[in-house]
Amino acid sequence: MGKRVGIEVSLAISEAVKLANVDAVAAYPITPQTHIVEHLSELVAEGELDAAFIPVESEHSAMSVCAGTSAAGARTYTATSSQGLALMNEILFIIPALRLPVVMTIVNRSLSGPISIWNDHSDIMSVRDTGWIAIFAENGQESFDLTLMSFKIAEDHRVLLPISVNLDGFTLSHVIEPHEFLDQEEVDKFLPDYEPLVQLNPDKPVSLGTVGIPEIYTEAKKCIDETLIASEEVVKEVFAEFGEMFGRHYKVVESYRAEGAETLLMTMGSVSETAMEAIDKMRDQDNRSVGLVRLRLWRPFPVKDLRVEVAGAKTLAIIDRAVSPGGTGGPVAGEVRSALYSVEDAPYVASFIAGLGGRDITIDDFISVVDQAEKMAESNEIHQYKMIGVRE
Amino acid sequence: MTKKFNEKAWNEYDLGYMVSDAGCAAEYRTGDWRSQRPQTNKDKCIKCGVCYLVCPEGAIVLAADGTYDFDLEHCKGCGICEVECWTGCISMTEEGE
């Protein structure tokens, strides 16, 4: 087992990328992702990481270069946030269509406007349907571990899809946490070399990214969706293998003191840790029947596991950190309602939006959410969503 | 028998829908994109083969008598042959006329 190091989460992610021995990094700096790629450029400049670091003039170019290097057979990494992710949008759809296993860290930040550099999940929600696998980390150690696992998941020949590891900007990316690092030897045993199946190679010429006329386009889209859905099993396999080798265990849907709970909170990302504190307080001081479900895998959406984790609860209070304007609720709540719609005795789903643009979600906020959700469930209130802490 | 490109199931295509065979566009019927159709006055044809060389689609085929015919399944009607023909024996006419 590796050593325990106190280090900024961003730098720990860079070290994980180095341990994954990537061949190419193409990135453009943007707050709050900057420290990750800055440190990677240092590692390359100092000769500690033998990779091509390709500075570009925009995120659109960064993702375009990633398509190129990955298609050339290189293990490829990039990172971005918010507006940068938005600028990549056009290319994001093309990467899974070409079956290129690019790994990207998304340091989640709200989208303009108004201009905000602070954290919420509006960036990842805006690229929900691009065909990428999307995983959420709750703390530094998870960010480190999931970065390493992402390469193995994406490059599995049953998958060959790009993957994003999401972590909250500033509240996670810029804090110093203890991380248990892994040795290069251990990582090499866990993560074999990338063996591309789709590759531009002069010895075997192919055309990539050709036109998909109406006779083909539907089949091409079906292929991406089926492959993405099937990748859930590979995600679970890689989680299991990682747990066996390194003793840290991950699930696609995590829970905390949820067994037998009448009311469940549901979160994604770093607020889950605050939510756990709130659950402890409500359980231990107030003797309330509450628990927490944390969604780790956002795409593919783990429908079956979610149904198992929430079975038996009366009320499910979901905290979204993004708005789906004009929609049916928070983006996560909308998906969960849909996943539970035909399920017998499914819990009442209450949708809450909180923590937008870097606003804190406190322990008291979580307790208030549980109070409100239980009341709403009692009267079976029909609602779109409730916004926590908004001045009215 | 191998399936044609428009008969395959979603999981029967090459990974990432990459194309590994050259000239596979021959399988696609692109002739119905055409709004103008090339015609030849074969009396004026000197069998030089310029039209055959410049056609970007390979839609001009050698006839038995040494002149050239058009593969209208694939000709998109771009008109390059009309412009490049030395003797002016090729002319484009509106489809449907």
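**View 1. Contact between chain A and chain B.** The contact takes 19 residues from chain A and 12 residues from chain B, where two residues are in contact if their C-beta atoms, placed from the backbone, lie within 7 Å. On the side of chain A that touches chain B, helix α9 (residues 214–246) of chain A gives the most, with 7 residues. Helices (H or I, at least four residues) and strands (E, at least two) are DSSP runs, numbered from the N terminus. This side of chain A divides into 11 nonpolar, 3 polar and 5 charged residues; Ala, Val, Leu, Ile, Met, Phe, Trp, Tyr, Cys and Pro count as nonpolar, Asp, Glu, Lys and Arg as charged, and the others, Gly among them, as polar. The model is predicted: local features need pLDDT of at least 70 and side-chain atom pairs count only at pLDDT 80 or more, while totals for chains, interfaces and linings use all residues. Residues are numbered from 1 along each chain as its sequence is written, and chains are lettered from A and ligands numbered from 1 in the order in which they are written.

View 2. In chain A, 6 strands form an open sheet with mixed pairing, in the order β9-β11-β10-β13-β14-β15; two strands pair if DSSP finds at least two bridges between them. Strands β9 (253–256) and β15 (386–387) of chain A stand at the edges with a single partner strand each, so one side of each has no neighbour in the sheet. Strands β13 (residues 315–320) and β14 (residues 348–353) of chain A run parallel and are joined by 6 bridges, with A:Leu316 opposite A:Val349 in β14(A). Helix α12 (residues 331–340) of chain A lies across β11 (290–295), β13 and β14 of chain A, at about 145° to β13(A). Helix α13 (residues 363–378) of chain A also packs on the sheet, and its direction makes about 135° with that of β13(A). Axes are lines fitted to C-alpha atoms, for helices over the stretch in contact, and angles run from 0 to 180 degrees between N-to-C directions.

**View 3. The two sides of helix α10 of chain A.** The buried residues of α10(A) are A:Val271, A:Ser272, A:Ala275, A:Met276, A:Ala278, A:Ile279 and A:Met282. A residue is buried if 20 or more other C-beta atoms lie within 10 Å of its own, exposed if 12 or fewer, and partly exposed in between, with C-beta atoms placed from the backbone. Seen down the axis of α10(A), the buried residues fall within an arc of 165°, so they line one face of the helix; the arc is that of the directions from the helix axis to the C-beta atoms. These buried residues pack against β9, β10, β11, β13 and α13 of chain A. On the other side of α10(A), A:Glu277 and A:Asp284 are exposed.

**View 4. The surroundings of A:Gly169.** A:Gly169 is found in the loop between β7 (163–168) and β8 (176–180) of chain A. With 25 C-beta neighbours inside 10 Å, A:Gly169 counts as buried. Leaving aside residues up to four places away in sequence, A:Gly169 touches several residues, including A:Pro32, A:Ser81 and A:Trp118.

**View 5. Backbone details in loops of chain A.** A cis peptide bond, with omega about -5°, joins A:Arg299 and A:Pro300. A:Asp345, although not a glycine, has a positive phi of about 55°. This residue, A:Asp345, is found in the loop between α12 and β14 of chain A, and it counts as exposed with 9 C-beta neighbours inside 10 Å.
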